[in-house]
Amino acid sequence: MSTSSSRAPSRAGRPATPNPTAGRPSSSEARQSRADDRSAQQNAGSTVVHTVRPGDDLWTLSEHYYGKGQDWRRIAAANPALLTGGPDRLEPGWRLRIPDVDPQLHRVVVRAGDTLSGIAEKEYGEPGAWHWIYRANLGILSNPDLLPVGASLVIPPAPGSDPGTAPADGGGASVGARASASRDHAAGGTQDVSRTGHQDDAGHSADAAPSDPTGSSDPTGSSDPEGSTAPTARASVPASASPAASSPSSVSPDGIPEAGPTAADAVDGSDLGSRAVQLAGVGGVLAAAVLGGLATRRQLQLRGRAVGRRIPQPAPAAQQLEAELGRLQTPAGLDLLNLALRAVGRDCHRRQLPLPRLQAVRAADDHLVLVMAQADLSAPVGFVVSGTEWHLDSTDADYLAQDGSVLDAPQPYPGLASIGAAPDGSAVLVNLEAAGLLGVTGSAAMTSPSPTSPPPAPSGPTEAVESGLLTALATELAFSPWSDELVITVVGADQGLAESIDRYNVSATSSLDQLLDRWEQRARVQRDHLLGDPGAAAGDYRIDPDLADPWVPEVGLIFCRPDTWQADRLERLLVTDPPVTMAAVVPGDDLMTDWRLTVADGSAELEPLGWALEPQVVSESVGQLITELIATTGSQETEPAPWWAADFGGDDHLPARALAGPPSDDQPDVVAAESAPADVRRPAAVVQPGASAATDNWPSIVVRAADEQIEELVARSDAAWAWLAAVDRPGASKESAIVPNPFADPVPQAPRHPTIMLLGPAELLGTAGSPPNRAVMQCIEYCTWLLEHPGSTAQAMSAALAVAEGTRRSNVSRLRNWLGFDDQGQPYLPDAYSGRISLSPLVSSDWHRLQLLTHAGVNRTSTEALARALELVRGAPLADAAPGQWHWAEEMRTDMVSVIRDIGVELADRARAASDIDLARWAASRALTAAPQDEFLMGARIRTEHQAGNQAEVERLALQLAAQGRALAVDLHPDTVDLLQQVMEGRLRARA
């Protein structure tokens, strides 16, 4: 991806270490102060002074004061004593002149309970006008649903109206009148940009205090025990006064009005972690496609992982991006779209009808609109046809799903990809094959999604916008549910994305001419065939499974602008009838094509349909993190597993933080969530003297006293888990069976203290309080995160879980009440007056218990301890986690699956060696519930049944294992091939 010299300037850093001269102004600051004085005398009404706070940069300030980041050089030029005129790094505490601020702009201050639609109704008399306010405040708002309390919002005049004209419906006073009143109220013509007092849910005063340049605060003085100063999304207390009645802004000693809070000021640094992975216009369809692809790739990694090895894990910043994608994804909408399109193709093939020419789609979670090129065509049962539009609701889609073969039907429109979001939040997808040649033209602007779309980010110059659009298309097409039925060629871009995808149908080339040579040859063959069969189209052949292969579409994503000759070749190739199966997306506005996506002023228009939408743009930084995720999950390399003792010199290898003292400020999770630069790596854990070293990324068990011996810790765990009766281990006949204990107490036992059950469906047992009425699973997720990240801050928690601060506070409160108090009257979740949140040491989990049982290494743990560890398994880890939740725990989940599989293989091998067939069957079967269809566990089952003389079961399992390999399109491990030959044919086949 290309960059430009006009990139967004660097953000403000933390203040440097104090020095003896810090109390008096520097010479440059003095010069700046004199310049401010002169400017105030010349034009005090149009200039404000902004005090730089942590997180500020010139681009964001320009967005806030001018509405677009490209004007940042105006601020740089107005402050020559402090800035060079280039993309300087801002120091907190600097006072910058902001020239030419529109004095007509009216501002309101966000109060508890405010929403954009509510403010729009007060200001314009129309709740639907919220997007005018949103677009005018993109420098402050990262999500239209999350308003930072205390932030000063610009209220622009209604488009097409004079500032002094009231709305047509007469709702409320005019913008101009309110702006005038604000100016009259403020001394010296200053703007109303101050903070106003409000009360939080508890009734505490929340009047904004002067900003501390260091960004530090006294947590004991906060009304929130977690010490968070981040804003709530929608506080339950409604605003009791009109925002227009806020107090006047403060005036600097220079006589220039001081600016109100910016985004960084409003959240007091809580968004620093999320900014590292801010998703610029990424839609739910793209997010769902990427996460589905990552899950498939991890499944293949786990399948091929050797015993005692671990699959690689992405860096913390990439993990945080994955969690954010999980929050944004709309898998239901993607599944509905996939079902609907295949149903259309199957219906046409069965009824011998021509395949309709699909142009575009508007897709929501529960409703689809397919836009066809022709009107009033015959549609499958379940669709409602209205002219060229075919409507399908999710309830009607249930009828289509009754035919189980519909998902096996060929995908008739594999060139479909999303390009943005409609004003109602639905995804807009274009059939690139029908378009033939799609031109994209971007301008340096800010993309602003609809209320249900992801948060925006600066898109940068023209080339960056066009590159971001193409990167989004390449990523989605490569991981969509129909990606196997499409060929993708990337031209002229950074080869990293295509290389990381590493699929047979995704390639990259630096030569557009070579691609056009190949396409022209293929187009000649296809057009000859189509001209010989009048009335037929390429799609008609594709829906016939016997004829589909030669008609697979190919999409070229061309990142470089073609020259005149190349543009002419593209037009003759892709815009000439009869249409062929090639399509291209090309930057530039000089192509002769009807289909064009034009991005300007924060929005886009799709021609020839005339649709207005918010474009889907992947920024360069987000694209790099996506590439890292794709590359990591596609790697076949593994690393030594920390649960396998052969890789360690000592006898024990406890998880790192189990040996460490109380969490420090350098705790990796806090560092990653609060700053999250792209190159962050977890530092090695601090190990107490005398303890054996462990790997730096093996999950925690519990923070224990430095003088507590491991034997004491295990004994304490044994006592705490005495409530869980041992599971009887009779012979297991099915690899997926959970064998209950027939002698178990009919009354379920409960632990004495709160215990999280993660090795199966997630549960929280042993609590002293009552479960909340709602958000039970979210509370369990929060409790697990706190258990795995003791001593973290509220900011780190919000960033890692990708939730608003208000949501976090509400759920933490519910969790605290649910956990209750121990026998000594101490809370299981104490108030975090230190600013660090930790659970009571009495809170534990079955995952921690499993780690303690195998602390010496799976291959060095006693057979009985391995069996006790497997008894904890109740199914696949986090089996009931909903989409969008627990994505922060993906590393932990894959470790759980890997450890359980290795325990199952090790225990089954030991049992067979001791001729304990029942134990061997049980071990492999139990582990298979956590790692279904695992090749090594299936091999253990086959060896066990072969040793038992059960040939029928051997053949069944062998055929099942071979079928799994074919279904996944992967080769069986050579040891598995040898095993199948031995048990099925009695010997190995002869080899040269």
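On the face turned away from its buried side, helix H16 carries the exposed residues Gln514, Gln521, Arg524, Val525 and Asp528. The structure is a predicted model, and its protein chain has 992 residues, of which 55% are buried.

**The chain as a whole**

- The secondary structure of the protein chain comprises 32 helices and 23 strands.
- Of the contacts between residues at least 6 apart in sequence, 74% connect residues that are at least 24 apart.
- The protein chain exposes about 39700 Å², and 51% of that area is supplied by carbon and sulfur atoms.

**Helix H16**

- Helix H16 runs over residues 512-531, which gives it 20 residues, and its span of 28 Å from the first C-alpha to the last is close to the 28 Å expected at 1.5 Å a residue.
- The buried residues of helix H16 are Leu512, Leu515, Leu516, Trp519, Glu520, Ala523, Gln526, Arg527 and Leu530; because they cover an arc of only 145° around the axis, they lie on the same side of H16.

**Aromatic residues**

- Across the whole structure, a search finds 5 aromatic pairs, and one of them joins tyrosine 124 to tryptophan 132 in an edge-to-face arrangement, with 5.1 Å from centre to centre and 80° between the planes.
- The pair counts as edge-to-face because its angle of 80° is over the cut-off of 60 degrees.
- Tyrosine 124 is buried, with a relative accessible area of 4%, whereas tryptophan 132 is partly exposed, at 26% relative accessibility.
- Elsewhere, the charged end of arginine 362 sits over the ring of tryptophan 611, at 4.9 Å from the ring centre.

**Histidine 855**

- Histidine 855 lies in the loop that links helix H26 (846-853) to helix H27 (863-871).
- Although it belongs to a loop, histidine 855 counts as buried because its relative accessible area of 17% is under the cut-off of 20%.
- Histidine 855 is 212 residues from tryptophan 643 in sequence, yet the two are 7.4 Å apart in space, C-alpha to C-alpha.

Key
Residues are numbered from 1 along each chain as its sequence is written. This is a predicted model: local features need pLDDT of at least 70, side-chain atom pairs count only at pLDDT 80 or more; totals for chains, interfaces and linings use all residues. Side-chain values use heavy atoms; hydrogens and water are left out. Rings of Phe, Tyr and Trp (its six-membered ring) pair if their centres lie within 6.5 Å; planes under 30 degrees apart count as stacked, over 60 as edge-to-face and the rest as tilted. Buried means under 20% relative accessible area, exposed over 50%, partly exposed in between (1.4 Å probe, protein chains only). A charge sits over a ring if NZ of Lys or CZ of Arg is within 6 Å of the ring centre and within 35 degrees of the ring normal. Helices (H or I, at least four residues) and strands (E, at least two) are DSSP runs, numbered from the N terminus. The expected span of a helix is 1.5 Å times one less than its number of residues. The arc is that of the directions from the helix axis to the C-beta atoms. Contact means heavy atoms within 4.5 Å. Accessible areas come from the Shrake-Rupley method with a 1.4 Å probe; for residues, only the protein chains shown count as cover.
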